[in-house]
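Q: I'm new to this structure. Could you walk me through how to read it?
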Amino acid sequence: MTDPDYHLDTLAIHAGQEPDPTTGAIMTPIYQTSTYVQSAPAEHKGYDYSRSGNPTRTALEELIAALEKGRYGLAFASGLAAIDTVIRLLNPGDHVIVGNDVYGGTYRLYERVFARFGVKFSWVDLTNLDNVRGAFTPQTKLLWLETPTNPLLALADIAALAKSAPQEVLVAVDNTFASPALQQPLTMGADIVMHSSTKYLGGHSDVVGGLLALNDEKLYNDLKFLQNAVGAVPAPMDCFLVLRGIKTLGIRMERHSQNALQIARFLEDHPAVKKVMYPGLESHPQHELAKRQMSDFGGMVSIILENEEAAKRMVMQTKLFALAESLGGVESLIEHPYSMTHASTAASPISVDPALVRLSVGIEHVDDLIADLQRALG
Ligand SMILES: *Cc1c(COP(=O)(O)O)cnc(C)c1O
């Protein structure tokens with residue numbers, strides 16, 4: 001079932017997921033168990049305790065590895081738990097280069113938690129390769145990038161950045177916004193791919209989770225050790241929900257992308273909107289890179305309105321677009337990053353424009369979505 005030559009839509013439904021050998025159940029069972037009976041001391045069927053391993057989690061880990069064209073996958077209780085586990089590869093004094101437009105929680109984890117343990121972070125504009133090359137020091141151990149970025153939808157050139165990094169520097173890509181259906185960073189030279197499976201992979205706003213995918217065996221063993229030693233593992237039920245969500249990833253991303261492009265074009269023509277950020281628009285400064293690096297442009301659209309008041313008014317006046325944090329579900333969401341998802345970056349080098357509004361375009365009928373936005377913009 002896990003023939004790596006299958007297309008993504010096929011792998012999404014079958015990789016890691018054999019019918020249950022004893023019952024024939026086609027869906028992976030939710031192995032809701034904490035422990036496993038052993039036939040003799042330390043003799044077991046591959047599982048001894050569910051923090052260390054669980055068959056429902058194994059299916060999800062094999063699935064994300066297949067989707068990202070990697071050899072190994074690891075599942076966590078949240079996206080941040082996955083990021084946290086990667087950072088624990090480092091030691092005090094080590095240095096990390098991070099894009100200056102990242103998820104607010106990543107910024108908070110780095111600067112407010114790991115900086116206290118002596119890890120040093122440089123926040124760099126990753127669209128400028130010379131800046132990045134100049135930021136490496138002998139202590140640099142990790143280059144962390146997000147593309148497209150949250151919330152400004154800027155792109156980082158994964159292949160060029162991976163090439164610019166010295167051999168010993170790990171290159172990790174937060175692939176949450178694109179999902180493996182649109183972009184596969186391991187094939188472009190990245191060492192680690194990270195996902196908040198809370199978003200497009202889960203796809204139905206009903207679960208919080210995180211995933212890593214990678215190729216190197218030693219790196220996998222180090223991360224697997226940390227996964228067990230730190231213990232931020234997902235519950236079997238949550239693994240099941242992500243497995244089920246991923247089955248429709250391909251067609252969902254297609255519809256998210258179609259809807260978002262139409263909405264971005266509508267917003268670009270609207271007089272109340274000063275700027276639209278969407279990688280699929282010809283006006284996007286990195287549209288050519290987007291075409292090269294991504295197979296489609298995804299469901300996230302950000303816009304700048306006249307001012308903060310206009311932004312807050314808009315997010316309170318949509319009906320179909322629900323005012324909520326998070327993204328990537330089948331239903332459309334709208335939010336004000338300055339006071340919501342990115343409040344933790346206020347007055348920091350990566351703070352966001354108060355007039356910014358972020359849309360997570362769902363898979364409802366696009367005409368209904370456009371009518372909703374039209375009404376809200378007045
Ligand atoms: C949501 C998100 C995260 C954090 O994931 P959680 O599942 O909320 O812990 C990290 N990166 C990006 C780009 C996200 O959107």
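A: Strands here are DSSP runs (E, at least two residues; helices are H or I, at least four), numbered from the N terminus. This is a predicted model, where local features need pLDDT of at least 70, side-chain atom pairs count only at pLDDT 80 or more, and totals for chains, interfaces and linings use all residues. Residues are numbered from 1 along each chain as its sequence is written, and side-chain values use heavy atoms, with hydrogens and water left out.

Q: In which sense do strand 9 and strand 12 pair?
A: Strands of a sheet pair through backbone hydrogen bonds, either parallel or antiparallel. Two strands count as paired if DSSP finds at least two bridges between them. Strand 9 (residues 300-304) and strand 12 (residues 356-360) pair in the antiparallel sense, over five bridges.

Q: What is the strand order in the open sheet?
A: The five strands run 8-9-12-11-10, with mixed pairing. Strand 8 (275-277) and strand 10 (322-323) each have a single partner strand, so one side of each lacks a neighbour in the sheet.

Q: Where does the second largest cavity lie?
A: A cavity is a set of points on a 1 Å grid over the protein atoms alone where a 1.4 Å probe fits but cannot get out; lining residues have an atom within 4 Å of a point. Domain 1 (8-246) and domain 2 (249-377), with bounds from an automatic or database domain assignment, both give residues to this lining, so the cavity lies between them. Its lining is Pro148, Leu153, Phe177, Phe297, Gly298, Gly299 and Met300.

Definitions and conventions
On a 1 Å grid over the protein atoms alone, a cavity is a set of points where a 1.4 Å probe fits but cannot get out, and a pocket is an open set with protein on both sides within 12 Å along at least five of seven lines; lining residues have an atom within 4 Å of a point.
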